[in-house]
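The following paragraphs lead a new reader through a single protein chain.

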Amino acid sequence: MDTTTALFYVFSAVLLLSAFRVITANSPVHSALFLVLAFFSASCIWMMLHAEFLAISLVLVYVGAVMVLFLFVVMMLDINIAQLKQGFWKHFPVAALVGVVIALEMAWVLQRGFNTTVAKPMEGTAGMPNTKLLGIEIYTDYLYPLEVAAVLLLVAIISAIALTLRRRKDVRGQNPAEQVKAKKADRLRIVKMDAVREQPSQPVAPAAAADTAPKGKA
């Protein structure tokens, strides 16, 4: 076993362990930090595969921006993680079985798709940077999968917005449709009333006021 193979197994083991700790950690902050470690391990593996652009993009975009945003949101929301994880270990065996089946299916597909014995060498790779080669592969051979992935991401965004858009009873909101349909008769009503003059109250006579005053002892 050479050094490259040993480093690959080390980074892969760290990636798997950190990914497992993301879903099993008690604190959401710890889960986010383990996810950062998983991203760094995946970046190291991509760097070993001479995919420098993908490795740097993973560190700069996800670790430097997305995960920092996750940490800010988690710290501000103060989520009760104990309540959310009730029954986690009860359903963990079924979830682990489903995860193993998915991993085996992906391994079978990737092993058949990336078989080095039948793979053809890429033409025109001499002197071309990694970014240009990646762009050529994505927008020529993998254009349709890229468009399908874009549509799936759009559907996921719309679904997330639709699921989180809930009407709260304790918050007052505006309905633009009702505001547009409003008319003058609905907003203003003129009521005709007779004029009423209030009579002034009668002043108290001085003699009556003196009789009602308390008398002192002689």
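**How the helices pack**

Helix 3 and helix 6 are roughly perpendicular to each other, because the angle between them is about 95 degrees and angles of 65 to 115 degrees count as roughly perpendicular. The axes of this pair, in what is a predicted model, lie 8 Å apart. Helix 6 covers residues 130-141. The contact joins Glu52, Phe53 and Leu54 of helix 3 to Asn130, Thr131 and Leu134 of helix 6. By class, the residues of this contact comprise 3 nonpolar, 2 polar and 1 charged.

Two packed helices are described by the angle between their axes and by the distance between those axes. Helix 2 spans residues 28-48 and helix 3 spans residues 52-77; their axes come within 9 Å and cross at roughly 175 degrees. Helix 2 and helix 3 are therefore roughly antiparallel to each other, since an angle over 145 degrees is counted in that way.

Which residues bring helix 2 and helix 3 into contact? On the side of helix 2 they are Pro28, Val29, Ala32, Leu33, Leu35, Val36, Phe39, Phe40, Ala42, Ser43, Trp46 and Met47. On the side of helix 3 they are Glu52, Leu54, Ala55, Ile56, Leu58, Val59, Tyr62, Val63, Met67, Leu71, Val74 and Met75. The residues of this contact divide into 22 nonpolar, 1 polar and 1 charged. Glu52 and Leu54 of helix 3 take part in the contact with helix 2 and also in the contact with helix 6.

The chain as a whole may now be considered. It contains 10 helices and 0 strands, so that, under the definition of these elements, the order from the N terminus on reads α-α-α-α-α-α-α-α-α-α. The chain has 218 residues, of which 10% count as buried. Among contacts with a separation of 6 or more, 55% are between residues 24 or more positions apart.

A further feature is the second largest pocket, which holds about 330 Å³ of space. Helix 1 (3-24) and helix 5 (88-113) each supply at least two residues of its lining. The lining consists of Leu16, Leu17, Ala19, Phe20, Ile23, Phe88, His91, Phe92, Ala95 and Ala96. By class, the lining of this pocket has 9 nonpolar residues, 1 polar residue and no charged residues.

Notes
Residues are numbered from 1 along each chain as its sequence is written. This is a predicted model: local features need pLDDT of at least 70, side-chain atom pairs count only at pLDDT 80 or more; totals for chains, interfaces and linings use all residues. Side-chain values use heavy atoms; hydrogens and water are left out. Axes are lines fitted to C-alpha atoms, for helices over the stretch in contact, and angles run from 0 to 180 degrees between N-to-C directions. Helices (H or I, at least four residues) and strands (E, at least two) are DSSP runs, numbered from the N terminus. Angles under 35 degrees count as roughly parallel, over 145 as roughly antiparallel, 65 to 115 as roughly perpendicular and the rest as oblique. Contact means heavy atoms within 4.5 Å. Ala, Val, Leu, Ile, Met, Phe, Trp, Tyr, Cys and Pro count as nonpolar, Asp, Glu, Lys and Arg as charged, and the others, Gly among them, as polar. On a 1 Å grid over the protein atoms alone, a cavity is a set of points where a 1.4 Å probe fits but cannot get out, and a pocket is an open set with protein on both sides within 12 Å along at least five of seven lines; lining residues have an atom within 4 Å of a point. Grid points are joined across faces, edges and corners, and a volume is the space filled by probe spheres set on the points. Buried means under 20% relative accessible area, exposed over 50%, partly exposed in between (1.4 Å probe, protein chains only).
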